[in-house]
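Subject: Structure handover and findings

Hello,

Here is the structure you asked about. Please open it alongside this email; my notes follow below.

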Amino acid sequence: MPRDSRSPLRRDHRNLLRRDYRKLLGSPLQLLLLACSFALAGYAGVRLLADDWFGVALWFVGAAVLHDLVLVPLYAGADQVLTRALGAAGRREWILFVRVPAALSGLLLLMWFPLITGQVADEYRSATGLSGHGFLARWLLITAVLFGGSAVLLVLRSRRSPRSRRLRRATKERPPVIH
């Protein structure tokens, strides 16, 4: 076979491989950003583990065990109670308006728990020069704002025009089209 007849096939094959690699790996900018994020994470890991690697590893294992054995059953049970209560009341669509602010408030509580409970107020003052008091009031205020904003969104959503509600209901009740 002459060499010229094989080269277009090879070229097409190479182009196909390049496209497949591009789909698999992403653009060069994505690869650069990924490499930079790995470098930054590696640097942070080296700095974090330099002093007390055993304490850090113990903290990670303890946090994973606490999360899996205590927190997951706790918030899964609370979510199940909420789902059943709102389902029984015929308001199952309200679940997200409770879940989202509760999850954000719980995350803030988890992150700032030592300061919210006042356990490390003196250490916080000595490290930052700022008062360690008032975190409980701020967390309660943020929680109230989250739930209040969610309630406002729920009211705005429920006050849609009756015409749009009728159209939505009619669309849901329409039988499927058979092809």
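In which helix is the place of serine 105? The answer is helix H4. Please keep in mind that this is a predicted model.

**Serine 105**

Is serine 105 buried or exposed? Its relative accessible area is 5%. The cut-off for buried is under 20%, so serine 105 counts as buried. Which residues does serine 105 contact, leaving aside neighbours within four places in sequence? They are Trp139, Thr143 and Leu146.

**The overall fold**

The protein has seven helices and zero strands. Read from the N terminus, the order of elements is α-α-α-α-α-α-α. Of the 179 residues in the protein, 9% are buried. Take the contacts with a separation of 6 or more: 34% of them join residues 24 or more positions apart.

**H4 against H6**

Helix H6 covers residues 135–158. H4 and H6 pack at an angle of about 170°. Their axes are 10 Å apart. Angles over 145 degrees count as roughly antiparallel, so H4 is roughly antiparallel to H6.

Here is who takes part:

**H2 against H3**

Helix H2 spans residues 28–51. How do H2 and H3 pack, and how far apart are their axes? The angle is about 110°, and the axes are 5 Å apart. The range for roughly perpendicular is 65 to 115 degrees, so H2 is roughly perpendicular to H3. H2 brings Leu48, Leu49 and Asp51 to the contact. H3 brings Trp53, Val56 and Phe60. The classes here are five nonpolar, no polar and one charged.

**The largest pocket**

The largest pocket has a volume of about 620 Å³. Its lining is made of 18 residues. Which of them lie nearest its centre? Tyr75, Ala102, Ala103, Gly106 and Leu107 do.

Two helices each supply at least two residues of the lining: H3 (53–88) and H4 (95–116). H4 gives the most, with ten residues. The lining divides into 14 nonpolar, two polar and two charged residues.

Tyrosine 75 has its place in helix H3. Its relative accessible area is 46%, so tyrosine 75 is partly exposed. Tyrosine 75 and alanine 102 are 27 residues apart in sequence. In space, they are 9.9 Å apart, C-alpha to C-alpha.

**Alanine 121**

Alanine 121 is found in helix H5, residues 121–128. Is alanine 121 buried or exposed? Its relative accessibility is 7%, so alanine 121 counts as buried. Setting aside residues up to four places away in sequence, alanine 121 touches Gly132 and His133. Glycine 134 sits 13 residues from alanine 121 along the chain. The C-alpha atoms of alanine 121 and glycine 134 are separated by 9.8 Å.

Best wishes

Note on methods: Residues are numbered from 1 along each chain as its sequence is written. This is a predicted model: local features need pLDDT of at least 70, side-chain atom pairs count only at pLDDT 80 or more; totals for chains, interfaces and linings use all residues. Side-chain values use heavy atoms; hydrogens and water are left out. On a 1 Å grid over the protein atoms alone, a cavity is a set of points where a 1.4 Å probe fits but cannot get out, and a pocket is an open set with protein on both sides within 12 Å along at least five of seven lines; lining residues have an atom within 4 Å of a point. Grid points are joined across faces, edges and corners, and a volume is the space filled by probe spheres set on the points. Helices (H or I, at least four residues) and strands (E, at least two) are DSSP runs, numbered from the N terminus. Ala, Val, Leu, Ile, Met, Phe, Trp, Tyr, Cys and Pro count as nonpolar, Asp, Glu, Lys and Arg as charged, and the others, Gly among them, as polar. Axes are lines fitted to C-alpha atoms, for helices over the stretch in contact, and angles run from 0 to 180 degrees between N-to-C directions. Angles under 35 degrees count as roughly parallel, over 145 as roughly antiparallel, 65 to 115 as roughly perpendicular and the rest as oblique. Buried means under 20% relative accessible area, exposed over 50%, partly exposed in between (1.4 Å probe, protein chains only). Contact means heavy atoms within 4.5 Å.
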